[in-house]
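Here is a short tour for someone meeting this protein for the first time. Have a look at the sequence and the 3D view, then read on.

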Amino acid sequence: MTARNPHSRHLAGYAALLADAATTGRRLSRTELDTLRGFGEQAATEGTTLRQLVAQHLQITQSSWPGPPATPADVMAVAAQAIDAMAEGYDHAQHFAVRQQEAARREFIDDLLHGRSNLGRLAERAERFGLRLSYAHAVAAAQGPDSYAEGDEVPRRVERAVMGRFGERQILLTTKEGRLICIAPGDQQDVLTYFAKQTHAATDGGQTAIGRSHRGAGGVVHSYEEAVNTLDIAVRLAMDAPVLHAADLLVYPVLTRDRQAMADLVRTTLGPLLQARSGPESSLTTLTTYFETGCNATETARQLSLSVRALTYRLERIHQLTGSDPTHPRNRYTLQTAVIGARLLNWPTQSL
């Protein structure tokens, strides 16, 4: 026995509608068009494809072609009206479903990256988006000259490249607070490295930070926070490497974990530089460059466009003001730590 078409009642009504409208030469009323739109929405929610619907209606149009006085022009005009209304309803349902899915995805991402929601429930929701939170995951965060949102050209370009290369590997790509985010299994660093390469190109030189691999839903939050904090540190310390790994910069979170202690060190060690005639900025730049070159006076002088003699004078002046000699191993560590702290705390621009 042939299975009954689930739309047979509607199709029979369409055949009668076609005959009536085409025979009288009238066009479909607003009520009739609304009914067809409603049918299109219903069919979309039931999983019928638009191609199937159009084929069914064209078949009915052909098999139930009204005779005289209906003209071919009248028949096709009514059929076109009907199919157009039905397709409009179908598209509306599809767009609504996409918006619902996008909203659910955004809500899940917000809950995941902020550690909200019950962990068990979060793990269940994660599987809908290709993540198994019982495994370890790592997060990469990238930022460029602009703020990015899902649907923008840059995120879509990066997603096409990553998915085209790796396919379905339990990867989640999204945006958060203007940054591009990639969540991948912790043992698949090649995914995050490739993501970093693609974002660097797509954002015209953007920078990516990769957090360490951690297990569970809380681990995703931890890795995400590591990546974001690493980007913040990179800005404060003027690090221009295209890819930064949180694991390589763990000393900086340690230095700022006790902010009050670091602020005290900066004030006590570098505070006297405020008495310098030109302010502390020149001395801070000199010390930063000196320490970054491994305390190589010749290379420091070259980078600062100074003579070695002029550099020596600057270092001696810093010694006089602070009481700490940058060239002496005993004082060097304290001064270098204070200089790093000043940059992390945005001193002296921001008072401590």
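## Ground rules and overall shape

Helices (H or I, at least four residues) and strands (E, at least two) are DSSP runs, numbered from the N terminus. By that count, the protein has 14 helices and six strands. Its radius of gyration is 33 Å, well over the 20 Å that the globule rule gives for 352 residues, so the protein is more spread out than a compact globule. That radius is taken over C-alpha atoms, and the globule rule is 2.2 Å times the number of residues to the power 0.38. Along the principal axes, the C-alpha atoms fill a box of roughly 110 × 40 × 35 Å.

A word on where this comes from: it is a predicted model, where local features need pLDDT of at least 70, side-chain atom pairs count only at pLDDT 80 or more, and totals for chains, interfaces and linings use all residues. Residues are numbered from 1 along each chain as its sequence is written, and side-chain values use heavy atoms, with hydrogens and water left out.

The score to know is pLDDT, the predictor's confidence in each residue, from 0 to 100. The protein averages 88, and 95% of the residues score at least 70. Confidence is lowest in helix H5 (residues 119–128), at a mean of 73, and highest in strand E4, at 97.

Buried means under 20% relative accessible area, exposed over 50%, and partly exposed in between (1.4 Å probe, protein chains only).

Who does E4 pair with? Two strands pair if DSSP finds at least two bridges between them. Strand E1 (residues 136–143) runs antiparallel to E4, joined by four bridges, and glutamine 143 stands opposite glutamine 207. Strand E6 (residues 243–245) pairs with E4 in the parallel sense over three bridges, with threonine 208 opposite valine 243.

Helix H7 covers residues 189–202, and its 14 residues reach 20 Å from first C-alpha to last, close to the 20 Å expected at 1.5 Å a residue. That expected span is 1.5 Å times one less than the number of residues. Its buried residues include Val191, Leu192, Tyr194 and Phe195. The buried residues of H7 pack against E1, helix H6 (153–166), strand E2 (172–176), strand E3 (179–185), E4 and E6; contact here means heavy atoms within 4.5 Å.

Between H7 and E4 there is a loop that holds aspartate 204. This residue has a positive phi of about 55 degrees although it is not a glycine, and it is exposed, with a relative accessible area of 72%.

One runs from proline 68 to proline 69, with omega near 10 degrees, and proline 69 sits in the loop between helix H3 and helix H4 (72–114). Another runs from tryptophan 347 to proline 348, also with omega near 10 degrees, in the segment after helix H14 (329–344).

That segment after H14 also holds asparagine 346, whose phi is positive, about 60 degrees, although it is not a glycine. Asparagine 346 is partly exposed, at 33% relative accessible area.
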